[in-house]
Amino acid sequence: MTAAEDTAGSAPRRAALERTRRLPLAIGLPISGAVLVVAIVVSIGTGPIQLSPSTVLGVIWHEILGQGAARPALETTVVMDLRMPRVLFGALSGAALAVSGAALQSLFRNPLADPGIIGVSGGASTGAVAAIVLLPPLTGAAVAWVVPAAAFAGGILATTLIYALARPGMDSGTARLLLVGIAIGSAFAAITGFLTFAADDDDLQTVVFWQMGSLGDLDWMKLAIGTPVILVGVVIMILLSRRLDLLTLGDRQAHHLGLDVSTTRKIVIGTTALLTGTSVAFAGTIGFIGLVVPHIVRLICGPAHRGVLPMSAVIGALLIVVADTLSRTVAPPAEVPIGLFTAIMGAPFFLMLVLRSRTVRL
Amino acid sequence: MSAQTGARVGAAAADGLTAGTEAAGAPAPGTTGAEPWIRVERAGFAIGGAVLLQDVEFSASGGELVALVGPNGAGKSTLLSLLSGDQRPTSGRVLLDGRPTADWPAKALARRRSVMTQHHSQAFSFTVHEAAAMGRAPHPVGPDDDALIERCLREADVDALAGRDVTTLSGGELARTVFARVLAQDAQVVLLDEPTAALDLHHQEVLMARARELAQEGRCVLVVLHDLTLAARCSDRIAMFDGGRLVALGPPEDVLTPDRIREVYRHEVAVLEHPTSGRPLVVPL
């Protein structure tokens with residue numbers, strides 16, 4: 001929506017603020033999308049066994065598209081079984097978290113809102129840690145799904161609880177939802193802390209790793225479960241773009257412009273819970289993405305959700321793929337938890353953008 | 001009474017309260033003589049023990065501009081929020097086209113009435129153009145939208161600011177942007193809550209002139225105003241509120257008497273006659 005900007009220029013005051021510079025979506029999306037694809041290929045090639053991008057592409061070419069010559073078994077295993085699922089899920093998870101964060105910041109009209117605010121991450125942590133600490137050591141197939149299932153259940157439970165208590169469908173507004181969310185979040189954090197305190201050494205390591213986020217356990221099965229949920233959630237959210245634009249004006253004003261506020265709120269919260277719950281269930285709590293990415297995107301291409309949501313999805317995915325690559329390469333063969341890298345990369349970038357921008361208000 | 005059955009279809013709530021005002025004629029809402037567009041019946045609103053509005057009887061239709069005046073806390077904004085459908089009256093009824101405003105589906109209501117609230121926060125850096133274009137939200141996208149939005153930006157005198165980030169605007173500039181959005185919404189019932197509060201003299205005149213035009217185009221315009229002289233100059237009728245009650249309703253010269261203003265505002269005033277228009281000029285003493 002830059003068509004009218006050319007008419008600006010007559011007001012004498014604050015001439016420097018006359019126009020807001022924005023990157024058009026038609027340019028930003030293809031560029032960031034291309035960078036994401038490159039990052040994914042490089043990330044798949046990176047690790048204890050280093051593979052060139054052409055090798056990675058060769059394996060994918062043969063294994064997925066059935067073209068070209070077969071690559072050596074080791075390369076095929078590394079690409080297809082070890083790295084591709086985690087990298088792809090990492091990208092999806094980044095998209096899910098960033099899109100959720102963008103939607104919640106608009107819903108609450110609060111720049112500090114992130115998926116944590118509706119309790120999903122906190123509840124999921126509690127669910128996962130409870131499963132790790134309280135259940136006997138898991139064996140066999142149960143390892144793959146018990147903790148994710150407990151995490152997902154915990155996340156949805158927490159959101160449902162917050163929602164039932166705050167009843168945002170009534171006319172109580174978003175402020176109450178925010179406060180109830182904070183209270184329930186603290187309660188879940190306390191339970192998680194208590195369980196962590198009570199954990200034995202082996203469990204503790206798993207707990208810590210899970211809480212800081214890890215893509216190490218991803219396989220094709222989890223990818224197959226998570227992908228459709230996240231894709232559907234992101235598409236639903238993008239379809240809500242215009243409604244989210246209106247919500248940024250305030251509940252009353254949105255209603256004056258024809259928005260059914262309480263219904264929209266329910267859909268946004270439900271979709272966010274699904275997106276974040278799925279991400280957390282398989283990858284643990286990866287912080288900072290949901291908070292920072294939408295801000296970065298808004299500073300680049302403006303606050304309209306038609307642009308913010310798809311761009312957030314791509315940039316969120318990119319940030320996680322890069323963080324995951326770093327987490328596997330700084331201290332090989334050990335993996336540093338990915339959440340540390342999202343924070344380390346996100347914080348300075350975010351700070352730089354905030355300090356440089358003329359308008360800090362969002 | 002032959003039109004009675006026809007009228008019931010569109011306005012089941014019409015009940016007989018205003019029966020006797022010309023039963024003949026088509027029951028099309030809005031045509032004078034038929035069901036008024038806006039009908040407030042003994043409406044009251046109380047919250048947490050405080051009675052903000054009581055026993056208000058009021059109706060308005062297309063083609064007129066009604067100014068709602070009264071001291072702070074008199075109930076003007078409360079009535080406006082009931083008319084907007086934001087809240088349900090705690091007693092009585094507030095009807096738009098015969099249907100309680102709070103029962104209207106949000107989108108249908110937004111096509112019928114637009115609202116300019118007293119406070120408008122802009123937390124996100126939309127451009128002025130984008131913010132005004134949101135007025136089109138309740139309508140299906142049409143080929144003339146761009147031209148319409150451009151026109152509304154010009155009418156609110158924010159076309160020169162179209163590319164500006166709304167979070168950098170002054171209070172008056174933001175108010176004009178919101179007015180542009182209200183114009184873009186293109187509703188037949190226009191509710192403005194102190195639209196001129198933040199505006200300079202020139203823009204106050206521009207906005208009220210446009211509001212008058214809206215009424216002349218056949219729309220129903222309700223404006224909360226504090227400036228009694230401005231209200232007298234622009235309105236067809238003035239509704240004066242005091243302590244949650246509607247204390248006077250009628251043409252400006254009937255409502256704005258020195259005695260009534262002294263009683264309601266607890267302040268001495270002189271009411272002069274405008275040398276050319278003959279409208280009342282209210283001068284505080």
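**Asp157(B) is partly exposed, and its partner in a salt bridge is Arg176(B).** The model is predicted: local features need pLDDT of at least 70, side-chain atom pairs count only at pLDDT 80 or more, and totals for chains, interfaces and linings use all residues. The relative accessible area of Asp157(B) is 31%. Arg176(B) is buried, at 10%. (Buried is under 20% relative accessible area, exposed over 50%, partly exposed in between, with a 1.4 Å probe and protein chains only.) The N to O distance of the pair is 4.0 Å. The two residues are 19 apart and link distant parts of the chain: Arg176(B) sits in helix α6 (residues 171-185) of chain B, Asp157(B) in the loop between α5 (145-155) and α6. (A salt bridge puts a side-chain nitrogen of Lys or Arg within 4 Å of a carboxyl oxygen of Asp or Glu. Helices are DSSP runs of H or I, at least four residues, and strands are runs of E, at least two, numbered from the N terminus.) Residues are numbered from 1 along each chain as its sequence is written, chains are lettered from A and ligands numbered from 1 in the order written, and side-chain values use heavy atoms, with hydrogens and water left out.

**Glu205(B) and Arg233(B) form a salt bridge.** Their closest N and O atoms are 2.9 Å apart. Glu205(B) belongs to helix α7 (residues 201-216) of chain B and Arg233(B) to helix α8 (residues 228-234), so that the pair links distant parts of the chain, 28 residues apart. Glu205(B) is partly exposed at 30% relative accessibility. Arg233(B) is partly exposed too, at 34%.

**Salt bridges form a network in chain B.** Its members are Arg151(B), Glu155(B), Asp186(B), Arg210(B), Glu213(B), Glu217(B) and Arg219(B). Over all chains, the whole structure holds 26 salt bridges.

**A positive surface patch draws on chains A and B.** Arg242(A), Arg243(A), Lys107(B) and Arg111(B) form this patch. Helices α9 (241-247) of chain A and α3 (106-112) of chain B each give two or more residues to the positive patch. (Patch residues have over 30% relative accessible area and no salt bridge; like charges are joined within 9 Å, nonpolar side chains (Val, Leu, Ile, Met, Phe, Trp, Tyr) within 5 Å.) Arg111(B), in helix α3, counts as partly exposed at 39% relative accessibility.

**Nonpolar side chains make a surface patch on chain A.** Leu23(A), Ile27(A), Ile31(A) and Val35(A) contribute about 320 Å². Val35(A) lies in helix α1 (residues 25-45). Its relative accessibility is 41%, so Val35(A) counts as partly exposed.

Trp37(B) is buried, at 7% relative accessibility. Trp37(B) and Glu150(B) are 113 residues apart in sequence and 29 Å apart in space, C-alpha to C-alpha.

**Chain A contains 14 helices and zero strands.** Chain A has 362 residues, of which 52% count as buried. Its accessible surface is about 15800 Å², with 71% belonging to carbon and sulfur atoms. Chain B has ten helices and twelve strands. It has 285 residues, 54% of them buried. Chain B exposes about 11500 Å², and carbon and sulfur atoms supply 54%.

Key: Areas by Shrake-Rupley, 256 points an atom, 1.4 Å probe, with all protein chains shown as cover. Lys, Arg positive; Asp, Glu negative; His and termini not counted. Charge placed at Lys NZ, Arg CZ, Asp CG, Glu CD.
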